[in-house]
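Visitor: I'm new to reading protein structures. Could you walk me through one, feature by feature?

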Amino acid sequence: MRKLHVKSYGCQMNVYDSHRMADLLTRESHAEIAVAEEADLIILNTCHIREKAAEKVYSELGRIRKLKQAAAVDGRRLVVAVAGCVAQAEGEEILRRAPVVDIVVGPQNYHRLPALLAQVESGAKVVDTEFPVEDKFDHLAPATVAATRARGVAAFVTVQEGCDKFCTFCVVPYTRGAEVSRPVARIVAEVEGLARAGVREITLIGQNVNAYHGEAADGGAATLGHLLERLAEVPGVRRLRYTTSHPRDMDETLIAAHRGLAVLMPQLHLPVQSGSDRMLAAMNRRHTGAEYLDVIARLRAARPDMAFTSDFIVGFPGETEDDFSDTLRIVDEVGYAGAFSFKYSPRPGTPAAARDDQVAKEVKVERLARLQARIDHHQAAFNRNCAGRSFEVLFEKSGRLPGQIVGRSPYLQPVQVMAPSSLIGEIATVRITGVGSNSLFGTLHPAVVPEPELTGTGG
Ligand code: SF4
C-alpha cells in the first residue's frame, strides 16, 4: 500500500474535497497518513482567497522538494500533486516554476486522480484543469464508515459548486466555474450514509449554497429550502446548517425552512461585505444595505432566535470615510454574533484589482481595527446574553481537562462541560454558567446526567 498525505488549505469545501480525494485513493491504492515525511503521494489542496496565495504554495513546494530528494535517496518515488484553486488559476505555470510537481489538478477533476497517477507512473507530468462535462461527484467514492467515524459527528456535504455572481473582488467564478448543483437524490443518499455511520450534524456547503437548484425527484428543480425539508426527514440527522449564502438568493422556501424545521439551526452566515450602497454596487453585490436588512428582518420574523455572522471587506477601491461609516452602522443594526473582516487586497484577474483608486494601506489598517472592535463588542454582548440560558449541545470530542467534553451550541459556539465521554455524539441540554473569550462553559441539565457505570463485581 502506498502512503498518501493530503494537506488542505482554506475553506470547508477544500476540506470536503480533500476527504473525497482521500476516500477515492484509499479505496484503490493508498493508505492515508498524517505526516508528509513518509508519504509516497503528497496532495496540496490549495486556496486562492488569501493574499499571496500562490507564493505560499511555491514556498511549501520548496520544502517538499527536499522531501522528494530524501525519498529518492531512500529509493522511494514521491509523487507531488497540487490541487484546488491555485492549481486552477496557475495551471502549467506550476510545473514551470516548481519542477518538483508531477500533477496539477483543478477542483472539478479530482475524480480523474487515479488516471492522472497512472500517467505519472509512465513518466509524464500532467495538468488537468479543464472544466469537464461529466460530474465529478458521480465518480467520487463515498467515505467508508470507518473514515466517517474518524472524522467525527459533524460533517460537511457539498451540494453546489461554482458561482455566477462575479463580485468584482472575487476569484471564485474563475477558479470554480459556473454554478452546478448536485441532484437531491444523490445528496440524500450521502446524508443517509453519514447518519448511519453516526454523523448527527450536517452542514451543506457551496460557494453560493443558497443558489442551489438541484434536480428533484419529479425531474423539476429543487431549491435549498426544498432540499433542507427533505434532509430533515433523514433518520439520525439532528442538526442541519448551510454555508455560504448570498443575500440575493434568500428565497421564500428557505425562509419557510427556517420557520418550520426544528433541525435547521438558528444561525446563519450571511456575508454583506459593506454597508455602503456605493461600495455594494462597485463590488457588483446586486443588493443594497436596505435590501440586506430586509432579508435579516424576514428571517428574524420566521425564527426570532436567529443569530447572524458575516464577512466584511474594508478599504475596497474608492471607499470613503462615509462609506465606511455605513459599514459600522450595519454592524450595529444587525448586532452580529461574530464576523470575519479583511482588508481589501487585489486578486489578479478580478475587475477591482485594475482600479486606480486603491485605498492607502494605513487607512485600511485603521478602519479594520475600528470595524473589528465594533464586531467584538457585539460578539461579546451576544455571548454574555447566553449566560444563564439552557441550550441543546451536540458533544463532539474530549476537552483539554480530564473529564471535560466539548460540544457546539445551536449558534456554533464551543461549549465546555464536565461530563462523561459517553455523551460524545449525543445532544444534551446544558445550562450556560460562564462565558470565556472563545467558548462557553456549562453544566449538564440534571435530567441528562447519565448514571455512573457499575464497575465492581456486584454481589
Ligand atoms: S457570491 Fe461569493 S463566491 Fe460568488 S463571486 Fe461573490 S464573493 Fe465570490
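Visitor: How many residues does helix H9 have, and how far does it reach from its first C-alpha to its last?
Guide: Helices here are DSSP runs of H or I with at least four residues, strands are E runs of at least two, and both are numbered from the N terminus. The expected span is 1.5 Å times one less than the number of residues. Helix H9 (residues 184-196) has 13 residues and reaches 18 Å, close to the 18 Å expected. This is a predicted model, where local features need pLDDT of at least 70, side-chain atom pairs count only at pLDDT 80 or more, and totals for chains, interfaces and linings use all residues. Residues are numbered from 1 along each chain as its sequence is written, and side-chain values use heavy atoms, leaving out hydrogens and water.

Visitor: Which residues of H9 are buried?
Guide: Buried means under 20% relative accessible area, exposed over 50%, and partly exposed in between (1.4 Å probe, protein chains only). In H9, the buried ones are Val184, Ile187, Val188, Glu190, Val191, Leu194 and Ala195. Seen down the axis, they fall within an arc of 165°, so they line one face of the helix; the arc is taken from the directions from the helix axis to the C-beta atoms. Ala185 and Arg196, on the other side of H9, are exposed.

Visitor: What do the buried residues of H13 pack against?
Guide: Let's start with the helix itself. Gly289, Tyr292, Val295, Ile296, Leu299 and Ala302 are buried in H13. Their arc around the axis is only 150°, which puts them on the same side of H13. They pack against H11, strand S14 (267-269), helix H12 (277-282), strand S15 (307-314) and helix H14 (321-334). Contact means heavy atoms within 4.5 Å.

Visitor: At what angle do the axes of H10 and H11 cross?
Guide: Two packed helices are described by the angle between their axes and the distance between the axes. Axes are lines fitted to C-alpha atoms, for helices over the stretch in contact, and angles run from 0 to 180 degrees between N-to-C directions. The axes of H10 (residues 224-231) and H11 (residues 252-260) cross at roughly 30° and come within 7 Å. Leu224, Gly225, His226 and Leu228 of H10 meet Thr253, Leu254 and Ala257 of H11.

Visitor: Is His5 buried or exposed?
Guide: His5, in strand S1 (residues 2-8), counts as buried because its relative accessibility is 11%. A polar atom of its side chain lies 3.2 Å from the backbone oxygen of Ile33.

Methods:
A polar contact is a pair of N or O atoms within 3.5 Å; within protein, one must be able to donate a hydrogen and the other to accept it, and residues adjacent in sequence count only if both atoms are side-chain atoms.
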